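Here's a quick briefing to read alongside the structure. Have it open on your screen as you go through the points.

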Amino acid sequence: MTDTALTRLTIRRPDDWHLHLRDGAMLEGVLPHTAAHFGRAIVMPNLVPPVVTGAQAAAYRERIMAALPEGMSFQPLMVLYLTEETDPEDVAAAHAAGIATSVKLYPAGATTNSASGVRDFDKVRPVLEKMAEIGMPLCVHGEVTDSDIDIFDREAVFIDRVLHPIRKKVPDLRVVMEHVTTQDAVDYVRDHHKNLGATITTHHLIINRNHILAGGIKPHYYCLPVAKREQHRIALVEAATSGDERFFLGTDSAPHTDPAKLQACGCAGCFTAPNTMSCLAEVFEAAGKLKNLEAFASKNGPKFYGLPVNEETITLVKGEPVSYPDRIETDAGPVTVFDAGFPLHWRVEA
Ligand code: NCD
Ligand code: ZN
């Protein structure tokens, strides 16, 4: 059957391998949108202050579970924010106790709430060696922060200057290159498969830098890493839809209130939790690869993390265009939902 003839698709319940849930009122407002479709998510630790220790991750996990509406099932997979002071023994204990699934490396200053990130990569070497020993993956925000490096080149330069050297020094470390945005990153993952995977966001499969900048600035398309040229978007679609098990979904759904986005210096982040599955089905269908959506959203991630795939399934149904609200209201303020810019015909059956 051709993809356009397909009108129903049942897949294992997907997981989100890179998600921002925030805290407090924002957490309460956004969590149901993820839990509606996703079984598990790797929850980013860039709160203020960040989630650094095992004890902080355990407390944050409790706040997430307390915010989950009755009757919904969802498992947060917690991540520790790597600092130059992180204690390898605390990381190992949190992993052994099932509190922390991975550790996140933010180069200091790379993105929202990354001021406590790493400046001197040699200082975190003992933590990385411990993680390699216990088989705990490192999630990496792959951008250099040097002001002399053009923002559109920061991912490619990071691969040469930081990622490749780290992987050479600690070859047994399992690494996830998060939210890859370039052909360079896709090629790097394909050429260096040992212990390496990559997440791809929903929005980077849909927008290129023209969407942000041409015909007026669109703050709701501004995220980090910033979307690149069309040739890079095409490379991401090719990687995501290929079925290649090294590429899996990490939405990087990153809610900020509209007032925080719509100002002279607006926050980075696209909020895609409500409509991600509709967007992805449209992208995979257009590529003629609907049959690989399950690999990307539901199978490749668990495989990399050494976890079982979800037992439950979801069914996507194609029909008249589905409408999502332009924004959701939370007690922290309104949050605009990602606009794919084209009609979405697939919805998750309730
Ligand atoms: C994220 C956020 O807002 O926390 N923003 C984003 O643009 N993706 C941070 C991040 O993952 O870089
Ligand atoms: Zn993120």
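What follows covers the ligand site, an aromatic pair and some backbone details.

This is a predicted model, in which local features need pLDDT of at least 70 and side-chain atom pairs count only at pLDDT 80 or more, while totals for chains, interfaces and linings use all residues. Residues are numbered from 1 along each chain as its sequence is written, chains are lettered from A and ligands numbered from 1 in the order in which they are written, and side-chain values use heavy atoms, with hydrogens and water left out.

**Around ligand 1**

- Ligand 1 has 15 residues around it, and Asn-46, Thr-111, Leu-224, Asp-252 and His-256 come nearest (near means that a heavy atom of the residue lies within 4 Å).
- Sorted by class, that shell has 4 nonpolar, 9 polar and 2 charged residues (Ala, Val, Leu, Ile, Met, Phe, Trp, Tyr, Cys and Pro count as nonpolar, Asp, Glu, Lys and Arg as charged, and the others, Gly among them, as polar).
- The side chain of Asn-46 puts a polar atom 2.7 Å from an oxygen atom of ligand 1, and a polar backbone atom of Leu-224 is also 2.7 Å from an oxygen atom of the ligand.
- For His-20, a side-chain N or O atom is 3.0 Å from an oxygen atom of ligand 1 (a polar contact is a pair of N or O atoms within 3.5 Å).
- On its own, ligand 1 exposes 320 Å², and the protein buries 100% of that (areas come from the Shrake-Rupley method with a 1.4 Å probe).

**Aromatic pairs**

- You'll find 8 aromatic pairs in the structure (rings of Phe, Tyr and Trp, using its six-membered ring, with centres within 6.5 Å; planes under 30 degrees apart are stacked, over 60 edge-to-face and the rest tilted).
- One of them joins Trp-17 and Phe-248 edge-to-face, at 6.4 Å centre to centre and 80° between the planes.
- That pair links distant parts of the chain, with Trp-17 in strand 2 and Phe-248 in strand 9, 231 residues apart (helices are DSSP runs of H or I with at least four residues, strands runs of E with at least two).

**Backbone details**

- The peptide bond from Val-48 to Pro-49 is cis, with omega near -5°, and Pro-49 lies in the loop between strand 3 and helix 2.
- Leu-224 to Pro-225 is a cis peptide bond too, with omega near -5°; Pro-225 is in the loop between helix 7 and helix 8.

Key. Polar contact = N/O pair within 3.5 Å; in protein donor to acceptor, adjacent residues only side chain to side chain.
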